[in-house]
Amino acid sequence: QVQLVESGGGLVQAGGSLRLSCAHSGRPFSNYNMGWFRQAPGKEREFVAAITWSGESTYYADSVKGRFTISRDNAKNTAYLPMNSLRPESAADYYCAARYGMAQAVGLVTTSGYDDWGQGTQVTVSS
């Protein structure tokens, strides 16, 4: 059983930065692809970023390219999402997700591609 715990959310002014973390436990972290998704009130959960188990490939939603950077530290069993130049529309609950084994991009950019989810961390952006 995989457990995922997000942290790092909070209140930030527009233009500011936050770094989200996702601590992974229960199974070998290096076998898992990791993704970040977000869900604003009244909206569907949407893809933000993903990184493959090897760390060799990353994927981003167009809305965050150039501002968010997904990374992982296999020694710490943690995935990260530094977020810069935050906008009011970036406000949402952010969730990390894990998918075991080999996967192509199409399987990493949708919620159905993941097996395990964290509880989420809230990001609020004031204008």
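This is a predicted model: local features need pLDDT of at least 70, side-chain atom pairs count only at pLDDT 80 or more; totals for chains, interfaces and linings use all residues.
T52 itself lies in the loop between β5 and β6, the latter spanning residues 58-60. Is T52 buried or exposed? With a relative accessible area of 6%, T52 counts as buried, because the limit for that word is under 20%. Its side chain also reaches the backbone nitrogen of E56, at 3.5 Å.

R72 stands opposite A79 in β8, and β7 and β8 pair in the antiparallel sense over three bridges. As a reminder, strands of a sheet pair through backbone hydrogen bonds, either parallel or antiparallel. Here four strands form an open sheet in the order β1-β3-β8-β7, with antiparallel pairing. The edge strands are β1, residues 3-7, and β7, residues 71-73, each of which pairs on one side only, and the twist from one strand to the next averages 20°.

Let me turn to the core. Which residues of the largest nonpolar core touch the most other members? Of its 35 residues, they are M34, W36, V48, F68, L81, M83 and Y94. The strands β3, β4, β5, β8, β9 and β11 each supply at least two residues of this core. If we take L81 and again leave aside neighbours within four places in sequence, its contacts include W36, V48, F68 and Y94, and also L18, L20 and I70. In soluble globular proteins, nonpolar side chains tend to be buried together.

Notes:
Residues are numbered from 1 along each chain as its sequence is written. Side-chain values use heavy atoms; hydrogens and water are left out. A nonpolar core is a set of buried Ala, Val, Leu, Ile, Met, Phe, Trp, Tyr and Cys residues joined through side-chain atoms within 4.5 Å. Buried means under 20% relative accessible area, exposed over 50%, partly exposed in between (1.4 Å probe, protein chains only). Contact means heavy atoms within 4.5 Å. A polar contact is a pair of N or O atoms within 3.5 Å; within protein, one must be able to donate a hydrogen and the other to accept it, and residues adjacent in sequence count only if both atoms are side-chain atoms. Two strands pair if DSSP finds at least two bridges between them. Axes are lines fitted to C-alpha atoms, for helices over the stretch in contact, and angles run from 0 to 180 degrees between N-to-C directions.
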